[in-house]
Amino acid sequence: MARLQVSSDTSAFEVPAALDGAGRLTPACAAAARAMIDAHGFVVLTGLLSAAEADEGLALITATIADPERRRCTFASETDNRHLRRDFCALPASPPVLGFAALLAQRLEAVIGEYCGRSRALLEIITLTSYEGSSHQYLHRDPSGVLSLIAAVEDVSEEQGGTVFVPGTHMHPGAEMRQAGATYAMMELFRRRANIAVLCHNLAKLWHMHRHRAPALAPGELRERVFSTRWDQHQPNLLRFVLGKNAEFRLAMLGPRTLWRLYRHRAEMKRLFRLVQSAPRKGTVILYRSDMIHAGPDNRSPRPRRLFGMSIARDIIEPKYWHDGYSPHPSLIAAPLSLGDLLETAPLTLAPPAAPVRAATR
Ligand SMILES: [Fe+2]
């Protein structure tokens with residue numbers, strides 16, 4: 001059975017946050033972060049938030065999750081959401097939430113501003129909470145033209161499922177010219193190979209849950225995750241996989257020619273690409289280009305994994321494309337905000353981190 005091979009060493013993609021007297025990234029730190037995003041598609045900024053600031057973010061998340069009227073996200077895995085394996089939902093555009101978002105935007109302005117103009121839309125503010133028994137997402141690209149942010153509001157262990165990235169798979173003009181014009185084809189080949197492993201991993205996990213009742217499956221959950229016809233892009237749903245109904249990964253993606261290329265290019269793929277899983281410490285913030293290949297893994301621990309997320313457009317965006325790919329809260333749809341608005345919003349004011357924290361991810 002194909003196995004997921006993931007490195008948990010993110011040290012090559014980390015930049016320790018260094019703040020000036022106004023609580024913003026120093027020019028040198030911002031330049032290092034931008035260089036990391038340009039080279040690899042993402043950056044792990046360690047120690048960006050103080051413990052008190054991260055606590056505030058966690059409080060916003062827990063208050064939202066406690067609300068029975070919360071707005072669930074329409075992406076990730078809706079089946080996981082229904083069975084409370086995940087709780088991906090939009091945060092309201094309330095003053096405390098916007099204050100926390102403004103703190104992040106203003107502290108990171110020298111980085112975010114390089115990719116997103118002031119008039120570009122704030123697409124969503126969300127929570128990314130997952131619980132034991134969730135499925136590993138398929139490796140995928142989010143809708144392009146967006147810069148996304150993930151903030152760790154508490155320590156996230158590898159078992160809890162920090163986001164997995166494939167460094168260097170972001171798309172930009174001319175990128176396809178590398179490897180004699182075969183770069184994007186090689187990326188897609190690697191993605192399919194990794195998704196074979198994800199499918200096997202998820203099926204094996206569900207079988208284990210079925211046999212050992214640890215964690216216990218809810219009535220009907222196994223059937224819905226493996227044999228349902230309901231829309232879901234990130235479950236190991238064999239029916240949708242075989243019928244070609246899953247846009248992220250389906251049997252038709254593994255035709256004879258692809259299987260031959262997977263074999264023929266196995267060494268080259270190993271040389272070019274690798275899966276790297278983040279395990280961010282509390283206060284770490286990850287910025288990534290939406291068009292890089294990534295996935296939200298399963299939570300393999302009994303401890304919930306909670307992350308704060310935010311996305312900003314890098315270009316103008318059609319409302320339908322926006323609402324299909326991202327999950328703005330109704331209050332944000334009713335009163336849209338731009339990056340410029342966030343930069344002018346009163347930020348959360350607590351003591352910032354005192355000094356750069358080195359080696360803050362595991
Ligand atoms: Fe994603």
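Both faces of strand E12 are covered in this predicted model. On one side, Arg305, Leu307, Gly309, Ser311 and Ala313 are buried. On the other, Arg306, Phe308, Met310 and Ile312 are buried as well. A residue counts as buried if 20 or more other C-beta atoms lie within 10 Å of its own, as exposed if 12 or fewer do, and as partly exposed in between, with C-beta atoms placed from the backbone. Strand E12 spans residues 305-313, and nine of its nine residues are buried. Helices (H or I, at least four residues) and strands (E, at least two) are DSSP runs, numbered from the N terminus. Residues are numbered from 1 along each chain as its sequence is written. The model is predicted, and local features need pLDDT of at least 70, side-chain atom pairs count only at pLDDT 80 or more, and totals for chains, interfaces and linings use all residues.

Strand E6 (residues 122-130) runs antiparallel to E12, and eight bridges join the two. Within this pairing, threonine 127 is the bridge partner of phenylalanine 308, and threonine 129 that of arginine 306. Strand E7 (residues 146-152) also pairs with E12 in the antiparallel sense, over seven bridges. Here alanine 151 stands opposite phenylalanine 308. Two strands pair if DSSP finds at least two bridges between them.

Most residues other than glycine have a negative phi, and most peptide bonds are trans. Leucine 84 has a positive phi, near 55°. Leucine 84 lies in the loop between helix H3 (78-82) and strand E5 (86-90). It is exposed, with 12 other C-beta atoms within 10 Å. Alanine 180, in helix H6 (residues 178-181), also has a phi near 55°. Alanine 180 is exposed, with 6 other C-beta atoms within 10 Å. The peptide bond from alanine 214 to proline 215 is cis, with omega near -10°. Proline 215 sits in the loop between helices H7 (183-212) and H8 (221-226).
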